[in-house]
Amino acid sequence: MSGVFLRTVGRDEGGMRLDRWFKINYPDLAFGHLQKILRSGQVRLDGKRVKGDVRIETGQQVRIPPFSPKGEAIAAPAESASRRAGRPDETRVAPSLGRRQAGEPGYSRGGETRMGDGDFLRSLILYEDSDVFVFNKPFGLAVQGGSGLTRHLDGMLPALASQRGDIPRLVHRLDRDTTGVLVVARTRRAAAELGAAFRSRSTKKIYWALCAGVPRVKQGRISTFLAKGEDEKGDQKMKVVQQGGEATHSLTYYAVVDQSAQKLSWLSLRPVTGRTHQLRVHTAEMGHPIVGDPKYFNVENWELPGGIQKRLHLHARRLMMPLPSGKLLDVTAPLPQHMQQTWNLLGLDAKQYDPIEDAPEK
């Protein structure tokens, strides 16, 4: 083909970064050349100049210039990655940075007007179909109720009830200050099937964390027995114990993705089991607790680097699991605001490859 043409963003492409969209649809277009035609304004989104990191939305129109890296006409759009790999049943969901990230869940930036439960939850959706909602849970939002909590995700779910009266149901949990991918079933049947998938460990979860210090062994496993205990305030705290009694086995694979001045490390964590506070306890147990953890951070005389917020730096980055429909769900959540600020401050690149994506299962 020749000349400029417009291409409409498809329904399953909403939320993608523009440069990622080009990589999928025009795999022969070199990254450097893409940046060049973006800078020169040859690529436009709904008629406006944009950068490669902008998030596109379904129905928007992308202006495609006629030049390939060699000055030739760009080839016709490629097939989707799923079809090229012979997996037409795979559902791949890109992160949506354009969605609102709440500092105080359900409130406007000034804290004056609270959003309705339905509107607030929909602002967090990364993916949905007839069986599931997948949310990007923000910092500070409790998943379930507890002492002193009046607002939590489980209590908001009736606002997303179907016309038949089906109220969405929780099938797994994240700690209140942990951010990222959270799957909720839309029906009783879906809840049963998704719950079974979590129990059978047919799901794969990848977390990102910022930890104190840098592990000497760059990639490994942490295998311990955990039991419930209490801290000095009487609050619940998980402890590493010997096998026996009420202790349960826990297993995590970890890898160092990057580090900053040997003082901080970006870890990719792959929990095989799903115990309470597992990742927080495991990182602390190996001497590298998660930055901002008020319960398990145990490094004496350690000062938080300037510019980094004193918030838990633990993020449920990616989740892969089979859906009741037979499709494979693969969802990635963007970093929360406080972690993105830290990554920017330390010069860490969130687009890096995750080294334990294919970690063993046992």
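**Close-ups of a predicted model**

**View 1. Lys 263 sits over the face of Trp 302.** The distance to the ring centre is 5.6 Å; a charge counts as over a ring if NZ of Lys or CZ of Arg is within 6 Å of the ring centre and within 35 degrees of the ring normal. This is a predicted model, where local features need pLDDT of at least 70, side-chain atom pairs count only at pLDDT 80 or more, and totals for chains, interfaces and linings use all residues. Residues are numbered from 1 along each chain as its sequence is written, and side-chain values use heavy atoms, with hydrogens and water left out.

**View 2. Helix α8 (residues 337-346) has a buried side.** His 338, Met 339, Thr 342 and Trp 343 are its buried residues (under 20% relative accessible area; exposed is over 50%, partly exposed in between, 1.4 Å probe, protein chains only). They span an arc of only 140° around the axis, so they end up on the same side of α8 (arc taken from the directions from the helix axis to the C-beta atoms). Gln 337 and Asn 344 are exposed on the face turned away. Helices (H or I, at least four residues) and strands (E, at least two) are DSSP runs, numbered from the N terminus.

**View 3. Trp 266 pairs with Trp 343.** Here the rings are edge-to-face, 5.4 Å centre to centre with 65° between the planes (Phe, Tyr and six-membered Trp rings pair with centres within 6.5 Å; planes under 30 degrees apart are stacked, over 60 edge-to-face, the rest tilted). Strand β14 supplies Trp 266 and helix α8 supplies Trp 343, 77 residues apart.
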